[in-house]
Structure formats: C-alpha cells, structure tokens
Amino acid sequence: MSLGTDVKRYSRGALPRIAIITVVLMPLLYGAMYLWAFWNPFSEVDKVPVALVNEDRGVQAQGELLQAGDQVASALMKSGQLDLHQTSAAEAAKGVASGDYYFSITLPEDFSADVASPSGGDPQQAKIRFTFNDANNYLATVIGQNASREVLNQVNASIGQRTVGTVLTGLTDAGAGLVQAADGADQLATGITTANDGARELATGSRALATGLDTARDGSAQLAAGTQRLDTAVDTAIDPLIDVLDRVGDLRLDPDRVGQAAQRLSGAVRSTTDRIAALNVDQAQAAAIVNQAVGFLRNNPDPAVRDTGEFLAGAQGLLQSQGVDPTTDAGLIRLRDSATDLENELGDPNSTLRTFLTRALNGGLRADVVALRNGVDQLNTGAKQLNSGLVQLAAGGDRISQGAGQLADGTDRLEAGSRELATKLREGSTQVPSWTPAQRTQVAHTLSAPVALEQVNDNPAPTFGTGFAPFFLPLALFIGALIVWMLLTPLQSRPIVNGLGALRVVLASYWPGLVIVACQVLVMYVVVHFGVGLNAKYPVATVAFLSLVAATFLALIQMFNAVFGVAVGRVITLAFLMLQLVSAGGIYPVETTAKPFQIIHPFDPMTYAVNGLRQLTVGGIDSRLWIAIAVLVGLLAASLAASSWAARRNRQYTMQRLHPPIEV
C-alpha cells in the first residue's frame with residue numbers, strides 16, 4: 001500500500017509539487033470549464049443580436065385599420081426572447097452579411113392583408129421571413145431556426161385567435177340569421193299554404209272557365225250561323241224596298257198634295273167605277289178604261305195630277321199583285337172602298353199611312369232601312385269575330401286550366417319543401433352555438449391552437465450543461481488518467497526486479513495513480529456542483545460511480561502502456577479516446593452517427609460511463625446502471641489482469657526493452 005518512490009519524487013521541490021497539483025486539477029478543464037462554458041446557452045439567446053424589419057403597410061378589415069405587423073413586432077420586442085433591433089430592410093441585409101446580426105426577421109408589406117384574407121374570398125397564409133447566414137455561426141442558425149418555430153407558434157396563436165374570432169363572430173351572426181331565416185321560412189310556408197289553396201281554387205275555377213268557354217264557343221258558332229242567315233234574309237228583303245223608296249224619293253211628292261191627290265183619286269175612282277158599272281162593259285174594256293184614266297193622269301200637265309197618276313200606276317200594279325181586279329164588280333167595289341180608305345188615311349196627318357208616307361217621301365224611312373241593313377251586317381261581322389275570339393279564348397282557357405293544374409301540383413311540392421326548409425333551418429339554428437363574447441374568445445383561442453403541447457419528462461435535465469455532464473465528466477477523467485500515466489510509470493521496474501508477484505507489481509504502480517484520480521474526482525465534483533451548478537439526483541452515488549469510472553480508465557490506460565509500451569500505449573490511448581468520443585452517444589443519439597460507430601457503441605467503455613451518470617444525475621435508475629457498473633468493474637479487472645500479464649512478461653529483459661525503437 002506504499003505510495004512508492006515514483007510518487008515521492010514529486011514531493012520534493014516546488015515544480016514537482018505544482019506538477020502533481022496540476023494533474024489533480026487538469027480534469028477541471030473538461031469536467032468544469034467545458035460545462036461552465038456550455039452550461040445553459042439557450043437561456044442566453046436573448047443576447048443574440050437579431051434584426052427585425054417591419055414592412056407591413058396595414059389594411060382595412062371589417063371597417064377597421066388592421067396593423068398586424070406592428071402588433072407582431074411589438075409582441076416580439078416585448079417578449080425579450082432575442083436581442084431584437086428594428087431596422088430597415090437594407091440595414092438588416094447589410095448587418096446579416098457583415099455579421100452584425102446573426103439573422104433577420106422580416107414582416108412583409110402584405111402581412112396584414114394576408115392576415116385579414118380569411119374573411120374574404122381569397123385566403124392566404126401570412127408569411128414571416130427569416131434570413132440566416134451560416135458564415136456568421138452555424139449554431140446561431142440552429143438557434144435561429146428553433147426561435148423561428150417558437151415565434152411562428154406564438155404568432156399563429158395570436159393571429160389565429162383573431163382570425164378564428166372573426167369567423168366565430170360571423171358564425172354567431174349566422175346563427176341569429178338562421179333563426180330569422182327560419183321565422184321567414186315559417187311565414188313563407190304559411191303564405192305558400194294560402195297560395196296553394198288559391199292555386200287549387202284557381203285550378204277548379206279555370207276548369208269551370210274552360211268548360212264555360214267551350215260552351216260559349218259553341219254558342220257563338222251557332223250565333224254566327226244565325227246572323228249569317230239573318231243578314232242574307234235582310235239583304236233579300238230590304239234591297240227591293242230600298243229601290244222602291246229610292247223611286248218614291250225621286251218623285252219628290254208633298255204629303256199634303258198626296259192627300260189632295262188621294263181625294264181626287266178617290267173621286268175619280270168612284271166616278272170611274274160608277275161609269276164602269278153603268279156601262280157594264282166587259283173586263284177588257286174596263287181594264288182599258290182604267291189604264292186610259294191612269295195614263296191621262298200621268299200625262300196631265302199639272303205636276304200634282306201627274307204625280308197622282310204615277311202613284312195610281314204603282315197602286316194598280318200593287319192591286320194586281322194582290323189579286324184585286326178592278327174590272328169586275330167585286331173588284332170595283334173593293335177598289336172604291338180602298339180608294340175611300342186611302343183617301344181617309346192620306347187625308348189624316350196623324351194616320352199611320354200618312355206618317356209612313358211622310359218618312360218615305362222625306363228619306364227617313366230609307367235611312368232607317370239602310371241602317372237596319374248595315375246593323376245586321378255589323379251584327380253578322382261581330383258574331384263572326386265573337387266566334388273567332390271565343391275559339392281562341394276557349395283554347396287559352398284549356399291552357400289556363402292545364403297550367404293551373406300544374407301550378408296547383410307545384411304549389412303542393414313548394415308547400416312541402418317550404419315546410420321542410422323551415423324545419424331544417426330551425427334545426428340548423430339550434431345547432432349553431434350562441435356564445436357570449438367571453439365564450440367566443442375562449443373558443444377562438446382553443447380553435448386557433450387546437451392542440452396544446454404538454455411536455456412530460458420523467459427525468460428532466462434542467463439545463464443544457466446538466467444533459468451534457470454525463471459525457472464531459474468521463475471525458476475529463478479519461479484525460480486526467482492519461483496525464484497521470486504521463487507523470488507516473490505504468491509498471492515500475494524495481495518491484496519487477498525484486499521478484500514481486502505480477503499483480504503486486506501492477507498494484508504498486510496503480511495505487512498511487514488511483515489516489516490522484518480520486519482527488520481529481522473529488523475536486524472536479526465539488527467545483528461543478530458548487531461552482532457550475534450541477535445538482536445530481538444522487539450526489540454520493542454519483543461521486544462513487546465517477547470514482548469507478550476514473551479507476552477503470554486508469555487501469556485501462558495502464559494496460560495500454562504496460563502491454564504495448566509507453567510510447568505505443570500513449571498513441572493507442574489517444575486513438576481509443578477518439579473512438580470513445582464518437583461512439584459513446586454522449587452528445588447526439590448514437591442512431592444519428594455513422595454505421596461503424598453504431599457497431600462500436602456497445603463495446604465502448606465510455607458508453608456505460610455515460611449511461612450510468614445520466615441515471616445518477618437526473619434520476620430514473622434501471623438496469624442500465626447496474627449493467628454499466630458490471631461492465632466497468634469487469635473492464636477494470638480485465639485491465640489489471642492484462643497489466644499483470646505484461647508485468648510477468650517484463651521480468652525478462654530483451655534488447656528491445658533496453659533500447660526501445662520508439663521513446664516518448
């Protein structure tokens with residue numbers, strides 16, 4: 001258990017003592033200084049200079065001026081997450097290019113317009129532009145990218161809440177509108193029901209109208225046929241009468257003179273009939289006498305007598321047409337009586353014949369007859385037009401009847417649809433929520449960020465340095481053990497020459513180094529705990545495990561030096577250190593490294609040192625800790641065994657041992 005002369009030689013003089021102290025303090029360069037330098041860099045992000053450019057011009061949205069860029073810029077400045085400097089776009093570009101700013105954040109000029117776009121017909125995502133420059137610092141870019149995601153989340157939550165709030169306001173208004181629409185639909189359904197009843201009545205009435213129009217059409221056809229026959233008959237009867245009246249009108253007789261002529265005619269008739277009766281001549285002679293008398297009158301110079309003759313000639317023709325023969329006794333009597341009656345009628349100004357004769361002579365009768373004929377013609381024409389119109393009207397009535405029937409069928413369906421519309425609108429209005437302003441704000445907040453991040457870490461490392469300590473502390477102890485064997489002899493020659501056992505030879509050299517590395521562990525843990533701030537979950541167990549790690553690394557490096565010689569052993573030690581650093585998985589997950597390092601990982605002693613320290617510093621002890629202890633103890637024993645074999649081998653000196661090809 002003696003520390004031996006190999007350590008005692010460092011107890012004399014100032015420099016040897018300083019050397020021992022330096023070896024004890026050397027792990028602090030890795031175990032304390034590195035941890036201190038990178039203890040919690042993410043908490044210092046607010047010291048990273050970043051340019052903030054706000055080019056947003058704002059926009060009118062829903063009757064209000066929206067300055068989303070100013071709001072976001074103000075929120076970012078107040079957050080204190082970064083050392084933001086508001087600059088122009090040109091200054092920001094120049095600063096990022098020269099390294100004055102690690103990166104820049106730009107709010108483009110259409111930022112507010114894009115934020116407000118969801119309320120319009122062309123929604124667009126609002127963009128925030130981050131500009132990086134890896135020539136400044138790669139990790140600064142990584143930090144900036146992490147910050148960009150955080151900024152994006154915050155802006156999305158804020159802007160999304162506003163946007164969703166606008167939508168929810170419209171949705172609430174839509175719910176009220178649906179209620180009004182449902183009320184209107186109910187009124188519409190009631191009105192359509194009334195309209196449907198009216199359409200049914202219209203259909204019934206239109207069918208009755210069509211039937212009546214068909215009957216009227218048939219009656220008008222019969223009327224047209226009757227008026228046609230009446231027109232023909234009237235024309236046949238009136239045309240000769242008009243001719244007679246025309247001739248009578250041409251005579252231009254005075255009714256009073258006609259009466260006087262009738263008196264003379266009556267007297268002449270009586271005188272003539274008396275003569276005829278006294279003569280008692282035959283009918284031929286009588287007819288000749290009558291004709292002679294009429295001719296005498298017609299040729300008389302007196303216009304009145306001449307007109308009377310003309311009238312008697314007409315009367316003679318009328319009597320003959322009626323079968324009155326004035327050449328017989330009976331005919332003479334009738335002729336005389338008729339002449340007397342005619343005298344009386346024509347002599348009385350108020351008699352029917354005198355009135356008729358007056359109208360016939362002054363043209364009034366003819367005008368009435370012509371008016372009658374024209375009226376009958378118009379009646380016939382109107383009857384034809386009426387028939388034609390009723391034919392068209394009947395056809396239209398049939399179409400109206402058909403259309404009214406279709407309208408009634410359509411109003412039935414319209415009534416059913418309006419009822420269903422009212423029902424669905426009412427159901428829809430009950431499904432649209434009605435929020436208070438506070439509820440709407442809460443719902444908007446929830447919808448703008450529907451998924452909240454709830455991080456659960458069973459064994460959290462409070463700082464970046466705490467997470468890296470399980471890697472840096474074993475690294476520091478490995479470097480410390482390497483330096484120990486630079487000062488001390490891995491296998492002392494005197495015990496070998498004195499014939500001590502191989503294990504005793506190894507322990508004689510190993511024990512002094514173990515005391516030094518133990519001091520390294522204590523000093524390093526005290527500094528990182530009280531100076532840096534590492535608060536291990538299990539501090540005593542952590543110190544014990546660090547001591548095991550230091551002892552294992554000390555034995556491993558001793559073995560390299562003992563088996564391969566000091567010069568080659570140191571080279572192998574450095575190479576082995578590099579393999580441990582890249583395959584231990586102390587910084588990045590081993591799965592992210594190259595395939596060869598993933599293969600080496602299970603055989604790397606530092607892998608188990610890192611695994612054990614992680615569980616002792618942050619908690620969560622499981623089988624990995626016990627496996628790590630077992631592996632390290634096994635590696636310690638194997639290293640001592642290999643060193644013992646080398647000590648046994650070294651009992652025989654060779655020329656190569658006396659004059660090694662490589663010396664350090």
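## Overall features

The chain has an accessible surface of about 36,300 Å², and 59% of that area belongs to carbon and sulfur atoms; accessible areas come from the Shrake-Rupley method with a 1.4 Å probe, and for residues only the protein chains shown count as cover. This is a predicted model, in which local features need pLDDT of at least 70 and side-chain atom pairs count only at pLDDT 80 or more, while totals for chains, interfaces and linings use all residues. Residues are numbered from 1 along each chain as its sequence is written, and side-chain values use heavy atoms, with hydrogens and water left out.

The secondary structure consists of 23 helices and six strands. Helices (H or I, at least four residues) and strands (E, at least two) are DSSP runs, numbered from the N terminus. Of the 664 residues in the chain, 37% are buried; buried means under 20% relative accessible area, exposed over 50%, and partly exposed in between (1.4 Å probe, protein chains only). Among contacts (heavy atoms within 4.5 Å) with a separation of 6 or more, 78% are between residues 24 or more positions apart.

## Packing of α18 and α21

Two packed helices are described by the angle between their axes and the distance between the axes. Helix α18 covers residues 539-564, and helix α21 covers residues 605-618. The two pack at an angle of about 170°, with their axes 10 Å apart. That makes α18 roughly antiparallel to α21. Axes are lines fitted to C-alpha atoms, for helices over the stretch in contact, and angles run from 0 to 180 degrees between N-to-C directions. Angles under 35 degrees count as roughly parallel, over 145 as roughly antiparallel, 65 to 115 as roughly perpendicular and the rest as oblique.

On the α18 side, the residues that meet α21 are A541, T542, F545, L546, V549, F553 and L556. Their counterparts in α21 are P605, M606, Y608, A609, G612, L613, L616 and T617.

## M559 and S639

M559 lies in α18 and is buried, with a relative accessible area of 14%. Leaving aside residues up to four places away in sequence, M559 touches F564, S639, A642 and S643. M559 and A647 are 88 residues apart along the chain, and their C-alpha atoms are separated by 10.0 Å.

S639 belongs to helix α22 (residues 623-649). S639 is buried, at a relative accessible area of 1%. With the same exclusion of residues up to four places away, S639 touches A555, L556 and M559.

## Nonpolar patch and salt bridge

Y538 is found in the loop between α17 (502-532) and α18, and counts as partly exposed at 33% relative accessibility. Together with I621 and W626, Y538 forms a nonpolar patch on the surface, with about 310 Å² of accessible area. Patches are made of residues with over 30% relative accessible area and no salt bridge: like charges are joined within 9 Å, nonpolar side chains (Val, Leu, Ile, Met, Phe, Trp, Tyr) within 5 Å.

The structure holds one salt bridge, defined as a side-chain nitrogen of Lys or Arg within 4 Å of a carboxyl oxygen of Asp or Glu. D622 and R624 form this salt bridge, their closest N and O atoms being 3.0 Å apart. D622 is partly exposed, with a relative accessible area of 28%, and R624 is partly exposed at 44%.

## M77

M77 is placed in helix α4 (residues 68-79) and is partly exposed, with 37% relative accessibility. Not counting residues up to four places away in sequence, M77 touches L52, L84 and Q86. M77 and L52 are 25 residues apart in sequence and 9.0 Å apart in space, C-alpha to C-alpha.
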